[in-house]
Structure formats: structure tokens, C-alpha cells
Amino acid sequence: MRRKIILPLLAVAGALAVAGPALAQGYRQNYGYAAPNDPMASGGGRGNYGGGFIEMLMTGRDPTPAGRGGAVYNRPGGYAYGQRVQPQGGYEDPFEAARQPRAGRRMAALGEPVEPQQGIQSIVDPRFRKQEVAYDGPHKPGTIIIDTPQRFLFLVQPGGRAMRYGIGVGRPGFSWAGMKTITRKAEWPSWTPPAEMLKRRPDLPRFMTGGPDNPMGARAMYLGSTLYRIHGTNEPNTIGQAVSSGCIRMTNDDVTDLYERVRVGAKVLVI
């Protein structure tokens, strides 16, 4: 049945193909340009092509009133080969909507909105969270013991107990051991990188005031006359790792808790 319908259509198209060129002889009929006597250009009827599918097949023009401005093949309404025409009422151009920026959202190169991206959350391993544990060693209450290999700091308490905190320690080549004393305490300390560090990292600032962005964190306890300190950090994901230049890192919450529990003069054993 489909073949019987198609054959008559092809016969009609062939007949019109002979008549069509004769009407348009001597005129340009490229897309978007019509002959002066073309009835389609003046809106005076369907012409010899009869309109509809046959007209589009033979001329390439959109036979509808919206398409009189030029040839349109699957182009959105309101466009005629680079020239804007007024779309019919009630038509919403999807291309125009896509070009409009959406308030409050960044746009990617292709016009698609970019969803806000949340930074990777820094999560401390649960085993490095502060907790009270049993202690049966020889050191007096108030002594700090830093277990470098296990990444723990212990504050000895009365009654055979100790507070245990997770820490970050010196990276390979910067670890150390010995007995020191807390000689000074500071809240939101400033930071002056030592000359040795500046030699390795000339991009570092020569001085940084205390605050949330300071790598020294919320509190610092200075160890003897050395450059080493027990201090907070704005990189809690480094707790449990060997990343520092010899200082002992703690989360800001933990270093604040330790700061309130110890006094200047307390002993610090680093093993």
C-alpha cells in the first residue's frame, strides 16, 4: 500500500519540476532570495507548486506564512539565515532561552549552568580523635609524651589515666626525639618562617599574622629554645601523617583543649 502512494507523488513532483524552473528563469532563487514575480514573496497564494510538502520539496522554502522570508530546513522559528524575524505569537524560542544567563549561577562554555562545587571534606580518622585512656608509665601527671611512630600525644593525668590526641609529625628527615619544656604559650599565634624554611620555600611569606588562615592554627606551645612547637592547623586532614618540618600538629579543637590543661614549664618527651 505504501508503494502505491509514493509512486503517484513522485510522478506529480516530476511534472512540477518541469514547470517550476520556467517560472523562475533569470532570477536567483538561492535560499533567502525570491524572484520579483514569485507569488510566494508577495503572499499572493500558493503559486504553481501548490504549497505544502511539494513546494518545500521543489524550492526548499517553508510554505507556511512564518517561512516566507527564506528557505528553512529544521531551523527554529524567528530565524532566516542570520536575520532575525519576529516569531509568531505564543512561540517560545528555545535557542533564545538557552542564551539567557541564569542569575546567581556560573555558566560553562556551552551555556550550561555549573553547579556550585563543594570542596573535599577534611575528615580526621576516628582513631585520632581525643579520648581518655589508661596509663601505667613512670611519668608524673602534667607530662606530655609524644609517640612519633604512632602519631599520638599523651597528657598524663592523675589516677593512672591519660588524655590521648591524634597528631601530625615531622616528615622523613625532619623527625626528632628528646626531652623539652614548654617555655611559652600563645593564642592565635603569628608565624615567622625560619631562615632554613625560607631557603627551601622562598615563596612563603616572611611574616603572617595570627588567624584562621595561619598555618599555626588556634594555639601554640613553644618547646624550649628550639624552633619546634605544638600547634594547631588549618589542615586537619594532615592529622595522623608525617608532613611537617618537625613541629607537632593538632586539630584546632584539640590544641585548644591541651592548651587549657598544661602550664608553662611542663615537660614534653618526644619518642
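On a 1 Å grid over the protein atoms alone, a cavity is a set of points where a 1.4 Å probe fits but cannot get out, while a pocket is an open set with protein on both sides within 12 Å along at least five of seven lines; lining residues have an atom within 4 Å of a point. Grid points join across faces, edges and corners, and volume is the space filled by probe spheres set on them.

This is a predicted model, so local features need pLDDT of at least 70 and side-chain atom pairs 80 or more, while totals for chains, interfaces and linings use all residues. Numbering runs from 1 along each chain as its sequence is written, and side-chain values use heavy atoms, with hydrogens and water left out.

The whole-structure search turns up one cavity of 30 Å³ or more. Among its lining residues are Thr 148, Phe 174, Trp 176 and Ile 248.

| Space | Volume | Lining by class |
|---|---|---|
| Largest cavity | about 50 Å³ | five nonpolar, four polar, no charged |
| Largest pocket | about 570 Å³ | 11 nonpolar, five polar, seven charged |

(Ala, Val, Leu, Ile, Met, Phe, Trp, Tyr, Cys and Pro count as nonpolar, Asp, Glu, Lys and Arg as charged, and the others, Gly among them, as polar.)

The largest pocket has 23 lining residues, with Trp 191, Met 197, Ser 244, Ser 245 and Arg 249 nearest its centre. Helix 5 (195–200), strand 12 (229–231) and strand 13 (242–244) each give two or more residues to that lining; helices (H or I, at least four residues) and strands (E, at least two) are DSSP runs numbered from the N terminus.
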